Amino acid sequence: MSTRSTVFFILLCIAIVGLLAGACGGGGDENDNSRVLDDDTGDDDNLDDDFTDDDDDDNDDNDDNDDNDDNDDNDDNDDNDDITYDPIVCQIPDPESLGEGLMIGGDTPSSQIDVYVYDDGTCEPIEGATILHGSDTYTTDASGHAVVIMKKGVEKVTAWAPNSWAWSYQADADVMYFRLRPDEYNRTYNDSDDGSFLYEGDPLELTNPGLLGLFTQPLYAGITIPGVSRRHVLSLDDLSLFANSKFELTIDTGSGPEVTELPLNVYLPALDLSIPDVFTIQGENPYFNIPVDAALSEHPLEGLIARVDVIEAIPDMASLLELISCIGEGGDIIACIVPLLNPLINDALSFEYVGVDPAWNGTGAPDLNTFKPAYSIPLTVANASPDYDYLAAFAADIPNRALLPMGLSIAEDGAASLKYNVVPDAKYLIAAARTDLLASDFTSANFSFAFTYSDRIDPWTSGVTIDADTDFLPEFDEANTYYDDTTGLVSWELADTESITPELYMLVYIPGASCPGCKVIFAQMPPSVTEYQIPTEEMGITPAADDIILLFGFNFRDSINPDAYAPVNILGEYVNAINMWTNFDILSLIPTY
């Protein structure tokens, strides 16, 4: 991947947990397998139910009018319990019997550390991987194993191999498993047959208006991708997301047409918005295609169709022409659309149809049944600061299979409303992102995320509150957080420590173009650490100004032990809060025309 693509991929991974992720584990709406809109939000099984218990659903154990389990005793163990799906990704061995899901563990090391290195794509041991510990290097044998002689209590161990990214652990543990992401997974993906979005069993036949109908009819566009597992997002092959074939979207803002190729995952009913010699957007893809890995037997899918009621954000044709002129003259999309963001997200944009298939078999058309997020949860951001904007999202997570966004809102005066519906086999999450990006007119880009989880919807129907003073991690201190591009040292400091604090840090080093062939490095560190030295000499890295650093702090709902967990699965934990610092200009990822 290019430097730009690598940054985008990693930020996408963080965005998945930050705005689209759910929680893994726990209970759920185990007794509800309906997708109809008049469905309940509790745990009864009457499929034609509502928010409150109706007359056909009570608590007796042999209720003929009750759910599918004639012995319903409210213990969540009836015949409609959530399905538990196995991971799609391979699982590495556990030669030292650390236990399921652990990659760091064992005892406090007394004299040595057993290190094992595996290929992330195949889970096979990597022979010849390099292990760095202090100034000493080791090489793994045919079983991917090397014995590292310890030097102190909390040991920093780094592993890398040819044609892979690197990982660095800093932990007080005598066993470490490394799962190295290859530069290329070398898998073959073939595009599926044409798929359709279905609603109540019938294909959706949506249409987009022409320019004259833009203020009376909604616009529609959608996307379907292979299901993304939050727990395994760092093992995601970026080539597995998008179809090989593409269609063309033509955009002309007055300076000549530019053709953008979009993958066939994108669903777009025929679109033709044109004013001759002024403005044009044209494109069409009435179906969708999914990349299929023939080596897999199950192919989870997730998708959505977004609806935009333009009139809610742009009230008339004069306002539209003003926007077109703004984009066409300066090419600065950000400056042109910032005034529209609140009405666009809160009033104009909705996820009209969403759908998930956790176990599509990969053959034939990947038609996706959808439902509407038809209900709303009120969200309050207590103690909201005028120096920040707060973006909230509601999402469902089917563990090991899919993450499904349903509601998105910018809080206004500390209040937001999130659309949702019940999803079979899912757990639920509400996330709030705090940023000064808009309030600072894009001169600053601090981001922090706060999360709240539930196994079922009903605890949230009366509302959810996130406290801006206590639920977000503090920002990194800009004056004392930096990357020294001459030595490769990253140092950081928090702006304050009065609120919750990180329980561990994760750092990502992405080499710039001036260091071709240098490796991406992931590093995890305990909360006491405030700097990380890139192993420049040992890994042949020449630090440079175009290197990119992504630094994250994590706080967890259930306190995590940095000496006994799986760093590669960090985004699958119950994360309470994440903060972020980077030396990268995030706005450079946004295209201009």
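Modeller: The lining of the second largest pocket splits by class into 11 nonpolar, 7 polar and 5 charged residues. Here Ala, Val, Leu, Ile, Met, Phe, Trp, Tyr, Cys and Pro are nonpolar, Asp, Glu, Lys and Arg are charged, and the others, Gly among them, are polar. The model is predicted: local features need pLDDT of at least 70 and side-chain atom pairs pLDDT 80 or more, while totals for chains, interfaces and linings use all residues. Numbering runs from 1 along each chain as its sequence is written, and side-chain values use heavy atoms, without hydrogens or water.

Lining this pocket are 23 residues; nearest its centre lie Gln 91, Glu 100, Gly 101, Leu 102 and Asn 569. Its volume is about 600 Å³. A pocket is an open set of points on a 1 Å grid over the protein atoms alone, with protein on both sides within 12 Å along at least five of seven lines; lining residues have an atom within 4 Å of a point. Points are joined across faces, edges and corners, and the volume is the space filled by probe spheres set on them.

A cavity is a set of points where a 1.4 Å probe fits but cannot get out. There are 3 cavities of 30 Å³ or more.

Trp 167 leads on to the largest nonpolar core. This core has 68 residues, and Val 117, Ile 131, Trp 167, Phe 178 and Phe 554 touch the most other members. It takes at least three residues from each of domain 1 (112-180) and domain 2 (476-592), with bounds from an automatic or database domain assignment. A core joins buried Ala, Val, Leu, Ile, Met, Phe, Trp, Tyr and Cys residues through side-chain atoms within 4.5 Å. Buried means under 20% relative accessible area (1.4 Å probe, protein chains only). Beyond its neighbours within four places in sequence, Phe 178 contacts (heavy atoms within 4.5 Å) residues including Met 103, Val 117, Ala 159 and Trp 167. Apart from this core lies another, of 36 residues, including Val 356 and Trp 460.

Finally, the wider setting. Of the chain's 593 residues, 55% are buried. Of the contacts with a separation of 6 or more, 69% join residues 24 or more positions apart.

Definitions and conventions. Buried means under 20% relative accessible area, exposed over 50%, partly exposed in between (1.4 Å probe, protein chains only).
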